[in-house]
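Here is a short report on strands, helices and aromatic contacts. Keep the sequence and the 3D view open as you read.

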Amino acid sequence: MKKLIILIILVQLSHNGFSQTCDCSSNLKWLTETFEKNDAGFQYVIEIKGENSYAAHNELYDEKASKISDLNECHKLLNDWTEFFRKGHLNVQLMPQGENTSEQTGSSDKEIIEKYKNSEQFKIEKQEFDNYVEKLGNNPGFEGVWFSEPYTIGILKDDKNPNREYVGFIVNSTSPYWQENQVKLEIFKSNEGEYSMKYYMRDHSAQDFEIVEFYGKNYINAGSGFIILKRVLPQEKTEANIERYFNSMYSNKPFIEKVSDNTLLLKVPSFSYSNKKYIDSLLNSNDNLIKSTENLIIDVRYNGGGADASYEGIKPYLYTNPIRGIGVAYLSTELNNKRMVDFINDPDRSNDDKKWAKESLNKLNKHIGEFVNLDESIVSIDTLKNVYPNPKNVAILINRYCGSTTEQFLLEAKQSKKVKLVGTTTAGVLDISNMYNIISPSKKFKLWYSLSKSYRIPEMTIDGKGIQPDYYFDKTIKPYEWIDKTIEILNYK
């Protein structure tokens, strides 16, 4: 259920568990040296913030690293170090130490259970709880049985603890980290009648969410989608627009659905290159339907990006006039240029892609240490043959989890006279892009960094700002209402 959070940008993965040691100072040295030499955005930020500021930053983190020997603490420090530069397209990932969770932590299920056995428990007999839930009437509110993979959670009003309004406890768990009756969450009520939540993560650390709200009767939303609980019992009928919203958000594949007499919905959860074949197939099989329907809504909420090639098939339906694109310059280094070798050896890449990669590799290798334009010019102009009468109006739904390639798609799409962007400002992770990775000599960490810098810098930067919608949906319009509200906008006369 937590899939919502992982569409936008590369998540900072960590494997919480039993302590492992590492030489944090040497790992920090590897990180700084690798990043300084290879990241396309390094010098850009130094020119803005200054050498003295960077030197002070490094001195602070060198001192911190010298005091750290725990692997997870070092992982956090390395990621904190990167925030001097930018929030997206940059990440240090903790490498798995085995094929499954127990091997990653170096611990058996039995050892994991033992470690967390003293966590708070909410004792209630199963039959007593089942009987109570069965008697809950209409509008049971927070009380009942909820699901958030891999946990089934019971929530009851807690009359015994005056410090919280409701308590959520494990009814069933497929993870050894959580056992039956352990307290998984607490819900609090403010004097103003608003609810907040303390949610205990896999490693039993607490995460606080200031805003907790219902989406209809069957979904609890905390942290703008970070925690989503779906009701299991008592069974309640779900409103159609809410069910459509969650079905859409959890879909791994693109789909097309008719949402009104004159409106189609195209959902694109990801522009990953592996998704391109599904997007193209979907568009081909629905070509006549799209071209005969007046309105098209393209939902790219939570789409964190992927490959530009994946959205090429959508552009003809939006096209009204030539589309200008601003290119990027690639920083050529021995490490960075290996990405082109990866492209050449990738069996899923087309022959045209591989030809481009071979030509690019030759060009890059002649200019080590320099920024290289791999295209014929900085500006490209994409002119298509046809302007289709339908769809006549196109709305693209966006939110703060849209980043990278999705933002590039938006920059191109919004040049069409047909297109309006609807929703909230995007993530703002596009100027420094084209990610690559390298594993540390210690084999403990993987650095994800960026190879290219946009020629839009500095006149039209997106990083840290995002792309603004034409129609802003404020917080009074719930995410599950966006499609219906957009249909109203498209049909307004």
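## Antiparallel strands and their hairpins

Strand 5 (residues 183-189) and strand 6 (residues 195-200) run antiparallel and are joined by five bridges. Strands here are DSSP runs of E with at least two residues, helices are runs of H or I with at least four, and both are numbered from the N terminus. Two strands count as paired if DSSP finds at least two bridges between them. Phe 188 has Ser 196 in strand 6 as its bridge partner. Five residues separate strand 5 from strand 6 in a hairpin, and Gly 193 in the turn has a positive phi of about 85 degrees.

This is a predicted model: local features need pLDDT of at least 70, side-chain atom pairs count only at pLDDT 80 or more, and totals for chains, interfaces and linings use all residues. Residues are numbered from 1 along each chain as its sequence is written, and side-chain values use heavy atoms, with hydrogens and water left out.

Strand 6 also pairs with strand 7 (residues 206-215), antiparallel, over five bridges. Here Tyr 199 stands opposite Gln 207 in strand 7. Strand 6 and strand 7 form a hairpin too, with five residues between them. In that turn, His 204 has a positive phi of about 70 degrees.

## Strand 4 and its partners

On its other pairing, strand 5 is joined to strand 4 by four bridges, and the two run antiparallel. Tyr 166 has Ile 187 in strand 5 as its bridge partner. Strand 4 (residues 166-173) has six of its eight residues buried, so the rest of the structure largely encloses it. Buried means under 20% relative accessible area, exposed means over 50%, and partly exposed lies in between (1.4 Å probe, protein chains only).

Strand 4 pairs with strand 3 (residues 151-157) as well, in the antiparallel sense over seven bridges. Ile 155 has Gly 168 in strand 4 as its bridge partner.

A separate topic is the open sheet of six strands, in the order 10-11-12-17-18-21, with mixed pairing. Its edge strands are strand 10 (255-260) and strand 21 (471-472), each pairing on one side only. Strand 12 (residues 295-299) and strand 17 (residues 393-398) pair in the parallel sense over five bridges. Ile 297 stands opposite Ala 395 in strand 17.

Helix 8 (residues 240-249) packs on the sheet and touches strand 10, strand 11 (263-267) and strand 12. Contact means heavy atoms within 4.5 Å. The direction of helix 8 makes about 165 degrees with that of strand 10. Such angles run from 0 to 180 degrees between N-to-C directions, with axes fitted to C-alpha atoms, for helices over the stretch in contact. Helix 15 (residues 482-491) packs on the sheet too, touching strand 10, strand 11, strand 12, strand 17, strand 18 (419-423) and strand 21. Its direction makes about 150 degrees with that of strand 17.

## Aromatic pairs

How many aromatic pairs does a search of the whole structure find? The count is 30. Rings of Phe, Tyr and Trp (its six-membered ring) pair if their centres lie within 6.5 Å; planes under 30 degrees apart are stacked, over 60 edge-to-face, and the rest tilted. Phe 142 and Tyr 195 are an edge-to-face pair, because their planes stand at 70 degrees; the ring centres are 4.9 Å apart. This pair links distant parts of the chain, 53 residues apart: Phe 142 is in the loop between helix 7 (126-135) and strand 2 (144-148), and Tyr 195 is in strand 6. Phe 142 is buried at 3% relative accessibility, whereas Tyr 195 is partly exposed at 21%.

Phe 343 and Trp 356 form a tilted pair, 6.4 Å centre to centre with 50 degrees between the planes. Phe 343 lies in helix 12 (residues 338-345) and Trp 356 in helix 13 (residues 351-365).

## Helix 2

Phe 42, Val 45 and Ile 46 are buried in helix 2 (residues 42-49). Seen down the helix axis, the buried residues fall within an arc of 105 degrees, so they line one face of helix 2. The arc is that of the directions from the helix axis to the C-beta atoms. Glu 47 and Ile 48 are exposed on the other side of helix 2. The buried residues of helix 2 pack against helix 1 (24-38) and helix 3 (51-66). Just after helix 2, Gly 50 takes a positive phi of about 95 degrees.
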